[in-house]
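Subject: Handing over the two-chain model

Hi,

Here is the structure I promised to pass on. Have a look through it first, and then read my notes below.

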Amino acid sequence: MLFNSYVFIAFFLPVALAGFFASARYGRQSAAAWLILASLVFYAWWNPAFLPILIASILINYGMSEVVARSGQRPALQSALLALAVGLNLLALFYYKYFFEVAKFLTEDIGFEVHADSILLPLGISFFTFTQIGYLIDVKQGVAKERGFLNYVLFVTFFPHLIAGPILHHREMMPQFAEKQTYRFSLINFSVGVTIFAMGLFKKAVLADPLGGDVTAGFDAPGDLSFYGAWWVAVRYSMQLYFDFSGYSDMAIGLACMFNVRFPLNFNSPFKSQSIIEYWQRWHMTLTRYLNQYLYNPMALAVVRWRSDHGFGTKRVNQKTLGGFLSMTALPTMLTMALIGLWHGAGLQFLLFGLLHGAYLTVNHALRIFRGTASENSTPWVAWLRRILNIAVTYIAVVVALVLFRSSSLDNAITMYQSMLGLNGFVFAVGKADIIWLLVLAIIVWGCPNVQQIMGQFGPALTKVDAFSKRVPLIWKANAKWACAVGVMLAVSLMALGGTSEFMYFQF
Amino acid sequence: MTEADVLLKLEEIFRDLFDLPDLQLDVSMSADDIDEWDSVNHVMLVVQVEREFKIKFHTAEVEEMKNVGDLVKLVVGKLGKSTPR
């Protein structure tokens, strides 16, 4: 079921909410059970065949986590069990997500025949696999305090995050499900939730979806695009993905709010970033956090500990040497980003997408380490200009990398780049209305406060964001004016839903 | 070791590691307050603290240490466990 479908908005959500607070009268356990049941229905709606996979994943992981937790007296056995559990998860993920592509690659390009039928990707498998691997590791390290079965199942299945994130951490979720307050209806949480949901739906249905047509046509035949046409399609795609994912993330946070649950922030105006480092701290924030925690940090820690044990320096001055920079910064960054790329799908274009961002980040770190930060004592005008320039360069770098992300194959991506370099002509054929529309979107992206800033006083997410300029008086209040505005947004969005379209992150 | 002792020692580590000889460390500070304290340098900081206090952190704890107050508490907790007095 999609958040942006009539059946979800008109039927599923009201029933799930009413049932949750009604069953809470009979105790927290029944409310939790209701919510789990509702979430499973939500999941099965798409394709019931996937439901057993989700359930098996949860049962096996929970069972393994309990075995791991109880073998603390025998560290070697415990490590082996953890490795087995994580291995099983990765194997399942590999089978559903990569096996077919790898088999195809081996058969067609290498000549080594592997038989494989196309496999349907179970919805959200990368998300629920990642969440559970994190839990297993934390159980092994003894930092997962709350280990109740019902809370665990609720934490994994809770429908607002099940299919496309945010990637939650049990430490921020399980205590919320153990809290009494969560099970009491709160009018203010409900209003805040509905408002954020409406804003997200508006972004998805009104801002993102209409951009899709041209983008699909452009990426299907990138050789037909002129220089302007190619850049036009690439920029439109960046806007489509931005509003799609940002809209989805808002809707998830809004839905959680209605159930008195707070999610971590996933999206914080990433296109306002002044560097690629900052960009990854603001785009798909929970994925960055997850990979930092379970991939980048362990790798970087291993390198730094090794250097320290073998008499190499591990200080800031040592970072300025080539060996120090390559081993302590460049290597873990490139590896992490390569895996981020592959996480999005099998295919050379995804690997290259990750490596390109890895290269951006490495250059970004190198500039910071070797050149230092820009002097603080420049005039306000120069500082302002520098900021604009940084934002523009970052945005263009992101658009260029997204071409790989969107292309159906590496060949298509290369053709698109050729068009963007002007190798297929310079005909300008963009309508006036399209240009005005894109300008409107640009004002929303770069000139407006984001949803978290508008709703900030209610702390709708676990992560705090900096306040937007006070000169823009756009702060939500529970009054008639805002109610009308949200009502109009909701009405327009519902009318625009017509041909319901998937969220772009569902394919991951 | 008390929290104050740990803080004092951490201040030395921070000054040395980040090359900031005049830094005054206090428990309310976090990675946002010190420009040099980014995710790359954070890992160097963690290892430096490990070596200095002869303790070891779990991967899961590393992300929690991005403010001075939590870092101090974590170190004191670890020291308490390893050398019961």
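How many positive and how many negative side chains does chain B have, and how far apart do the centres of the two sets lie? Chain B has 10 positive and 19 negative side chains, and their two centres are 11 Å apart. Here Lys and Arg count as positive and Asp and Glu as negative, while His and the chain ends are left out. Each charge is placed at NZ of Lys, CZ of Arg, CG of Asp or CD of Glu.

Some ground rules before the rest. This is a predicted model, where local features need pLDDT of at least 70 and side-chain atom pairs count only at pLDDT 80 or more, but totals for chains, interfaces and linings use all residues. Residues are numbered from 1 along each chain as its sequence is written, chains are lettered from A and ligands numbered from 1 in the order in which they are written, and side-chain values use heavy atoms, without hydrogens or water.

Chain B

Chain B has four helices and zero strands, and from the N terminus its elements run α-α-α-α. Its radius of gyration is 12 Å, close to the 12 Å that the globule rule gives for 85 residues, so chain B is as compact as a globular protein of that length. (Helices are DSSP runs of H or I with at least four residues, strands are runs of E with at least two, and both are numbered from the N terminus. The radius is taken over C-alpha atoms, and the globule rule is 2.2 Å times the number of residues to the power 0.38.)

The C-alpha trace of chain B spans about 35 × 25 × 20 Å along its principal axes. Of its 85 residues, 51% count as buried, where buried means under 20% relative accessible area, exposed over 50%, and partly exposed in between (1.4 Å probe, protein chains only). The accessible surface of chain B is about 4,300 Å², with 49% belonging to carbon and sulfur atoms; such areas come from the Shrake-Rupley method with a 1.4 Å probe, and for residues only the protein chains shown count as cover. Among the contacts in chain B with a separation of 6 or more, 51% are between residues 24 or more positions apart, a contact being heavy atoms within 4.5 Å.

Where the chains meet

The size of an interface is often given as the accessible area lost when the parts come together. Between chain B and chain A, the buried area is about 2,300 Å², and carbon and sulfur atoms give 54% of that. (Buried area is the accessible area, with a 1.4 Å probe, that two parts lose on being put together, summed over both.) On the chain B side, Val40(B), Met44(B) and Thr59(B) lose the most area to chain A, together 24% of what that side buries. In terms of contacts, 24 residues of chain B touch 23 residues of chain A.

Chain A

Chain A comes to 22 helices and zero strands. The radius of gyration of chain A is 24 Å, close to the 23 Å that the globule rule gives for 508 residues, so this chain too is as compact as a globular protein of its length. Its C-alpha trace spans about 65 × 65 × 60 Å along the principal axes, and 53% of the 508 residues count as buried. Chain A carries 35 positive and 23 negative side chains, with the centres of the two sets 16 Å apart.

Helix α7 (residues 149–157) of chain A is mostly covered, with seven of its nine residues buried. Tyr152(A), Leu154(A) and Phe155(A) are among them, and the buried residues of α7(A) pack against helices including α2 (28–46) and α9 (170–178) of chain A. In α9(A), the buried residues include His170(A), Met173(A) and Phe177(A), and their cover includes α6, α7 and α14 (285–309) of chain A.

Last, a loop to look at. Most residues other than glycine have a negative phi. Asn260(A), in the loop between α12 (227–258) and α13 (276–282) of chain A, has a positive phi near 65 degrees and is buried, at 10% relative accessible area. Ser269(A) lies in the loop between α12 and α13 of chain A, with phi near 45 degrees, and is buried at 4%.

Cheers
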